[in-house]
There are 4 protein chains.
Amino acid sequence: MVPVRTRVRFVETDVMGVVHHSNYFHWFEMGRVEYMRQAGVLLPELMAEGILFPISDVSCQYRASAKFDDWVIIETTLVDLSKVKMIFNYRVVREDDGVLLATGSTKNAFADANGKVVRLPIQYFERLKAKFSDETVGS
Amino acid sequence: MVPVRTRVRFVETDVMGVVHHSNYFHWFEMGRVEYMRQAGVLLPELMAEGILFPISDVSCQYRASAKFDDWVIIETTLVDLSKVKMIFNYRVVREDDGVLLATGSTKNAFADANGKVVRLPIQYFERLKAKFSDETVGS
Amino acid sequence: MVPVRTRVRFVETDVMGVVHHSNYFHWFEMGRVEYMRQAGVLLPELMAEGILFPISDVSCQYRASAKFDDWVIIETTLVDLSKVKMIFNYRVVREDDGVLLATGSTKNAFADANGKVVRLPIQYFERLKAKFSDETVGS
Amino acid sequence: MVPVRTRVRFVETDVMGVVHHSNYFHWFEMGRVEYMRQAGVLLPELMAEGILFPISDVSCQYRASAKFDDWVIIETTLVDLSKVKMIFNYRVVREDDGVLLATGSTKNAFADANGKVVRLPIQYFERLKAKFSDETVGS
């Protein structure tokens with residue numbers, strides 16, 4: 001599990017007084033990017049090689065509302081990995097009181113610049129797999 | 001089914017050259033708001049009575065990418081309704097060629113200003129139910 | 001002057017109950033894109049030729065607040081044009097009562113993919129200039 | 001001057017490959033919120049007392065582009081303060097190489113829930129003034 005910490009921005013709230021639900025996908029993305037970085041896979045590097053990573057499925061379950069100025073922690077876990085997809089799960093927790101705000105999941109495919117599905121090159125796959133294995137053993 | 005039409009904004013794209021996946025939830029919301037409006041339920045009216053409608057669950061499956069300047073149609077259908085929740089399904093179609101870009105679903109609860117779950121007042125429930133029944137009969 | 005009409009989205013509001021000020025730049029962009037389209041200049045076409053159009057300066061003066069569900073009209077006028085820059089002015093008006101919500105201005109430069117300033121190719125410049133002249137004569 | 005640090009999110013980029021210009025206003029806001037926090041003025045506290053702080057004027061000059069994954073530092077300075085307004089200036093600098101990406105300015109008014117202009121209550125004004133004076137003396 002890789003944690004990332006962020007503070008709720010004013011612009012992320014809506015007229016109901018809480019964080020708009022769509023912003024949790026921005027947070028999941030921050031978590032996913034950090035997970036991959038820790039595995040040694042940088043997205044700008046992938047893009048420079050012409051490899052894209054479109055999202056194919058997402059879901060989120062909201063349990064409690066984040067509010068302006070809250071510190072939240074996004075906990076990201078890789079739960080499935082192959083050369084053609086990766087699935088991450090997320091938990092968003094309010095730092096102050098530990099309350100679970102949301103859980104979610106996203107699935108990425110790998111594609112070339114024309115949107116055609118491709119296999120993730122072996123060097124990137126191996127790095128993600130090593131991190132994935134480490135985490136599984138560690139838990 | 002209630003259709004809403006929108007044109008992809010430049011700001012909705014990302015460095016992969018397509019619409020960022022989180023924006024589909026903005027579009028679903030536009031569809032949901034319009035569906036409720038056609039049923040005679042206006043969100044500012046609900047809020048003025050202290051009734052909120054937090055999202056509790058969402059999901060989206062992405063099939064093809066929307067691009068800058070595309071016209072897209074969001075087709076919204078109410079698929080489940082009670083006094084404590086409403087579930088909408090969505091299809092996002094590119095107008096130009098009719099390609100299905102995404103499908104999705106959202107669930108709203110009803111709550112008071114403190115976040116406590118409440119029942120939707122009967123006058124609003126009846127309007128949504130009437131629209132829901134009309135659509136079911138019509139299909 | 002080229003008008004574009006849009007309806008305030010729920011996600012565009014913030015906890016103060018009105019549209020977040022940053023969204024007016026999304027609306028200005030919609031106006032600018034439409035102005036250029038009417039002149040016969042499509043941004044995807046420019047990008048396909050490797051011409052980018054980074055924003056170098058923006059400003060906005062807010063007079064009154066747009067609220068959720070308001071229809072607003074963005075009125076866009078090209079006020080300065082050369083082969084290396086274009087300056088647009090904007091007025092945002094609430095459709096319902098004609099109240100002026102905001103005025104603003106943006107300046108674009110033209111650049112290649114490496115961010116180096118370039119001159120706008122003559123065919124695009126001529127189209128914008130023709131529209132610019134038409135409007136000036138017409139006013 | 002109060003610095004805040006943030007990392008460019010993927011969603012903040014656009015199809016031109018850089019951060020969309022509207023996002024700098026989100027960053028300015030983060031800087032302004034932090035400046036006020038350090039002065040002892042919390043926005044949720046103001047709102048709980050029915051005091052709003054609408055933005056009346058903004059501007060931004062863009063010098064270089066922020067890219068995905070860049071760390072940026074937002075440097076915020078209060079440059080004018082009275083009981084009816086506050087003006088902040090900003091500089092956004094890329095941490096890695098110290099390049100100045102943008103400068104900007106924003107003006108807030110103070111208002112009640114109906115949008116009527118009000119004076120900032122003395123206790124909040126004094127805190128901001130103390131911070132403002134400290135900084136002026138210090139520079």
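Q: Why are chain D and chain A said to meet through the same surface?
A: Because 100% of the interface residues of chain D are also interface residues in chain A, the copies meet through the same surface. This is a predicted model, in which local features need pLDDT of at least 70 and side-chain atom pairs count only at pLDDT 80 or more, while totals for chains, interfaces and linings use all residues. Residues are numbered from 1 along each chain as its sequence is written, and chains are lettered from A and ligands numbered from 1 in the order in which they are written.

Q: What makes residues of chain D and chain A count as in contact, and how many do so?
A: Two residues are in contact if their C-beta atoms, placed from the backbone, lie within 7 Å; by this criterion, eleven residues of chain D touch eleven residues of chain A. On the side of chain D, helix 1 (23-39) and helix 2 (43-48) are the elements that give two or more residues, where helices (H or I, at least four residues) and strands (E, at least two) are DSSP runs numbered from the N terminus. Helix 1 of chain D provides the largest share, four residues. By class, this side has seven nonpolar, one polar and three charged residues, with Ala, Val, Leu, Ile, Met, Phe, Trp, Tyr, Cys and Pro taken as nonpolar, Asp, Glu, Lys and Arg as charged, and the others, Gly among them, as polar.

Q: Why are chain D and chain A described as related by a two-fold rotation axis?
A: Chain D is superposed on chain A by a rotation of 180 degrees with 0.0 Å of shift along its axis, at an RMSD of 0.0 Å, and the two copies are therefore related as by a two-fold rotation axis.

Q: What makes up the side of chain A that touches chain B?
A: In this interface 17 residues of chain A are in contact with 17 residues of chain B. Helix 1 (23-39) and strand 2 (55-62) of chain A each supply at least two residues, and the largest share, eight residues, comes from strand 2. The side of chain A divides into eight nonpolar, eight polar and one charged residues.

Q: How do you know which strands of chain D pair with strand 5 of chain D?
A: Strand 2 (residues 55-62) of chain D is joined to strand 5 (residues 100-109) by seven bridges and runs antiparallel to it, with D:Tyr62 opposite D:Ala102. Strand 4 (residues 85-94) of chain D is also antiparallel to strand 5, through nine bridges, and D:Lys85 has D:Ala109 as its bridge partner. The hairpin of strands 4 and 5 has five residues between the strands, and there D:Gly98 takes a positive phi near 75 degrees.

Key
Two strands pair if DSSP finds at least two bridges between them. Copies are superposed by least squares on the C-alpha atoms of residues with pLDDT of at least 70 in both.
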